[in-house]
Amino acid sequence: MIPILLTALLGGVGAYLLLPHRLGKARPRAWRAAGGALAALAVLGFALALTPPPVSLATVFFYGFTLLAALGALLMVTSRNPVYSALWFAMVVLSTSGLFLLAGAQFLAAGTIIVYAGAIIVTFLFVIMLAQSEGNALYDRLARAPGRSALVAFAMIAGLVGAILGVSPGPAAPSDAADAPEPLPRMGAWLARVDEVRTPAPHRVVARSVSAQDRMLPEPSERAANGSPPPHMAGLGGTLYTDHLVSVEVAGAVLFVALVGAAAIATPRPPVRPDPARAAALR
Amino acid sequence: MPPPAHAAFDALSALPLLAAAPATSATADAFGFGMLTNYLLVGAVLMGLGMLGFLSRRNLIIMFLSAELMLQGTALTLVGFGRYHGNWTGIVLTIFILTIAACEAALALALVLVLFKRKSSLDVTLWQAIREEGLPPAREREEEAAPVEAVPGPETYPHLTPSGVEPPHPRQPWERRRD
């Protein structure tokens with residue numbers, strides 16, 4: 001417990017020194033260098049808290065991505081220039097995608113890079129450059145209660161880390177053999193599970209008809225070859241479009257509504273000026 | 001004849017670090033409890049740092065980026081749990097989070113643009129009036145803010161070295177008055 005608290009304290013003091021001053025005063029360079037050094041020490045201490053995986057190339061990448069993500073997040077939060085913040089956030093996203101890849105989520109890694117780094121960050125940069133064409137603003141040099149924020153945030157980190165490290169694997173921990181992703185539950189088994197429940201929820205109706213369609217389709221060739229579980233994309237697509245079919249539809253609808261809403265919000269409109277005669281009558 | 005490209009990889013895999021990989025590949029591939037703990041720890045750190053940014057920064061865009069950082073931490077946690085339990089649920093949930101984050105970014109940036117048009121500033125403390133009723137105003141002492149120290153001397157821009165021969169071009173045709 002003591003090392004965790006010590007590391008969190010180091011990180012908190014480092015982050016406080018790196019954050020902008022409450023009144024925007026310029027700190028001496030030596031202080032900021034000390035803050036950077038303390039934060040780097042805290043990140044190294046955090047790396048010591050990780051359970052070392054067996055030595056392999058993946059482990060090297062895991063530690064690299066972890067350190068990059070933590071450092072990038074710290075620098076994103078503390079940087080005074082919003083453009084730098086957005087770029088550090090892009091680095092955090094890239095590191096997170098690397099971690100996704102190491103956890104066997106290839107599609108998610110690619111999707112995160114495309115959606116976040118490719119679309120969201122670019123939109124952020126557009127907005128930053130639209131809004132801040134005249135250089136660093138006053139509010140980027142000031143912070144709201146940096147000391148208290150650092151205290152709260154690092155107390156939360158210490159609490160979370162302590163709680164996570166205090167958990168031991170339960171008796172029902174999966175063995176190594178059960179670690180590989182489960183093969184996609186076959187549609188037939190899933191359909192039987194659906195039929196058990198009498199409630200005619202809409203997604204069950206949809207799934208029934210989809211499965212009826214699916215029975216007419218030929219077996220996917222990847223599966224038919226040796227009966228092995230389907231490759232990543234096939235399995236993910238299978239579970240997305242059977243178990244989570246309604247969620248996919250809802251997500252599509254939400255995307256569409258958000259698109260319409262964003263267009264409606266951002267379109268410039270003439271300001272509403274009440275007709276003076278009507279305003280007088282109302283008064 | 002140059003050696004084939006994969007010869008370099010064969011030589012590389014003879015290094016002790018990589019040579020250990022095939023022997024332990026069965027265990028290295030396994031995503032055990034230690035690895036789950038690692039993913040949870042990284043997710044917790046990203047979450048906490050995002051909260052630090054959300055609490056302490058005043059720029060609307062940076063606050064929003066911090067919220068996205070917290071979402072990244074959550075996504076790491078979900079993917080770690082999904083991999084540990086060997087099912088697709090974590091990945092699927094994260095895909096939905098990604099979708100909603102994209103919607104959220106579109107709406108929030110539209111809102112930020114509208115707010116910026118109203119007050120010509122991205123400062124969140126200018127919008128204290130729409131807080132809950134009865135709360136005392138947060139004192140943000142702008143008037144005590146230290147002035148920006150201007151760098152003395154004229155503003156300079158980098159010079160590009162001209163390269164090649166200057167092509168013959170008409171003398172500033174855009175200054176000619178159009179009749």
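This note walks through a predicted model, chain by chain and then into its core.

1. Start with the make-up of chain B. It has 6 helices and 0 strands. Along the sequence, the pattern reads α-α-α-α-α-α.

2. Next, burial and surface in chain B. Of its 179 residues, 40% are buried. Its accessible surface is about 11,100 Å². Carbon and sulfur atoms account for 65% of that surface.

3. Now contacts along the chain B sequence. Take the contacts between residues at least 6 apart. Of these, 54% join residues at least 24 apart.

4. Turn to helix 2 of chain A, residues 29–49. It has 21 residues. From first C-alpha to last it reaches 30 Å, close to the 30 Å expected at 1.5 Å a residue.

5. Which residues of helix 2 of chain A are buried? They are A:G35, A:A39, A:A42, A:V43, A:F46 and A:A47.

6. Look next at the largest nonpolar core, which has 86 residues. Those with the most contacts inside it are A:F89, A:F100, B:Y39, B:L49, B:L52 and B:L69. Helix 4 of chain B (residues 33–56) gives the most to this core, with 12 residues.

7. Finally, zoom in on B:Y39. Beyond its neighbours within four places in sequence, B:Y39 touches A:F62, A:L99, A:L102 and A:A103 in chain A. In chain B, it is in contact with B:F31, B:L76 and B:G80.

How values were computed:
Residues numbered from 1 in each chain as written. Chains lettered and ligands numbered in written order. Predicted model: local features only at pLDDT ≥ 70, side-chain atom pairs only at ≥ 80, totals over all residues. Heavy atoms only, no water. Core = buried A, V, L, I, M, F, W, Y, C linked by side-chain atoms within 4.5 Å. Buried < 20%, exposed > 50% of the residue type's maximum accessible area, 1.4 Å probe, protein only. Helix = DSSP H or I, 4+ residues; strand = E, 2+ residues; numbered from the N terminus. Contact = heavy atoms within 4.5 Å. Expected span 1.5 Å × (residues − 1). Areas by Shrake-Rupley, 256 points an atom, 1.4 Å probe, with all protein chains shown as cover.
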